[in-house]
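Dear colleague,

Please find below the structure that I am handing over to you. My notes on its salt bridges follow.

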Amino acid sequence: MKKTSGISQKILTTAANLAASWENDDLTLDVLLDDLRESNAPERAAVSDLLFEYFRHKGFIDGLITKHAKHERVRQDMRLIVACAATQIFFQTGIAPESAVNVAVDTGKQLRGPGGGGFVNAMLRSFLRDKSFKHDDIPVSFPVELKVRWEECFGRETTKEMTGFFASNPPLTFRLRDESARAELEAAGATPVKGLDFLESTGFQFYSMKNPSPLFSGNYLEKARIYIQDPATVMAFSLLDEAPKGYLLDCCAAPGGKAVMLSDLCDPSTVKLTVCDRSQKRLMQMNRNLQRAGVRCRSLTADAAEPPFSPNTFDFILADVPCTNSGVFRRRPDAPWRFSQCRLIDTVKLQTRILDSLARILKINGQLLYSTCSIEPEEDQKQVENFVLAHPNFEIVKSRLLLPGESHDGAFAALIRKKS
């Protein structure tokens, strides 16, 4: 057996350790990868790619492990080394299958001695010999609980179409902020996103790009000439008949994409924008994003469920609340595997607390724009309907659900007015 490279082993062990943290510490993949990116570790990009592929195919890979372990309990560290190596073998082209096996075996030996290496070797080679599936045509695996829910809510055909996107990378999309960059970006391969009616109502222009290299080499991001985000993020703002004025609040603002969009939508001479987030770490990163984008605002660390503002302070509140992220499963492939009825109930309770708190600080005739990146009825239409039932002085002006599509994520938004 050839001696494996240190970087290959580092990629595998880091990915397995982060997967263990995901299982043990109730941390999202986004949070885990953010910490890794901040470390500037050389393996961070490869680890990120590996884990995204693992979660996109988690059902298939975990099923293989259960099958070939003869349904016996496998130690977590060994199971995740095997899972990550299997991801490399079946779903990545950057490492040859034989090399992936060798790296995993060496890692197993380091963790558990010769017995660990033997177990990893036996498992991975049995995967490669498995004739129960075609290696070039592995079916999409998706959590059963969520799939059944969606079939009940949206029908089998729509659910089949949505889950069919799960194993694929979402398109790289960005919003154009500097009109003078349009021609050069289109010449570099940027293609306008079309077919989404809500884009036209806002005037925002989105593009997709297969090769992102020109975006970075041209400093479009550093100069804030574009903002990388999904077209679905603009859907909430399409519910507005006119740009907000007066005192504005974005209460769950990090990482800042919607705050930048809100700022771009408004006349700066007519608004005073406040942004907050309960995570100081995320707020610091958001402040850098907003400063780069030229957004003028006041920012502070604050919990939207307990906002530190006086009653009747704001004319407009954007509440892009925490949610189960079920509409953005391609960008957050761990989210469907996190989904459960208990987690949904807890999330809905948090959203309700946030809405109840925001009701107090919104002025009479003020507008509350509620949004999620979930497509679950309990977090969306039912949530806002229950809110106006509990607060008769509010009314739903408009609402809209956007299901995930090939060119965009899923989202929900509702525009709510305080009548008295």
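A residue counts as partly exposed when its relative accessible area falls between the buried class, under 20%, and the exposed class, over 50%. Arg353, at 43% relative accessibility, is therefore partly exposed. Please note that the model is a predicted one.

Arg353 forms a salt bridge with Glu306, and their closest N and O atoms are 4.0 Å apart. Because Arg353 belongs to helix 15 (residues 341–361) and Glu306 to the loop between strand 7 (298–301) and strand 8 (314–320), this pair ties together parts that are 47 residues apart in sequence. Glu306 is exposed, its relative accessible area being 57%.

A further salt bridge, at 2.8 Å from N to O, joins the side chains of Arg177 and Asp264. This pair links distant parts of the chain, 87 residues apart: Arg177 is in the loop between strand 1 (173–176) and helix 9 (182–187), and Asp264 is in helix 12 (residues 257–265). Arg177 has 25% relative accessibility and so counts as partly exposed; Asp264, at 30%, is likewise partly exposed.

Within helix 2 (residues 29–38), Asp34 and Arg37 lie three residues apart, about one turn of the helix. Their side chains meet in a salt bridge of 3.0 Å, N to O. Asp34 is partly exposed at 35% relative accessibility, and Arg37 is partly exposed at 38%.

In total, the structure holds 28 salt bridges. Among the residues concerned, Asp26, Arg338 and Arg343 are joined into one network by salt bridges that share partners.

With kind regards

Technical notes:
Residues are numbered from 1 along each chain as its sequence is written. This is a predicted model: local features need pLDDT of at least 70, side-chain atom pairs count only at pLDDT 80 or more; totals for chains, interfaces and linings use all residues. Side-chain values use heavy atoms; hydrogens and water are left out. Helices (H or I, at least four residues) and strands (E, at least two) are DSSP runs, numbered from the N terminus. Buried means under 20% relative accessible area, exposed over 50%, partly exposed in between (1.4 Å probe, protein chains only).
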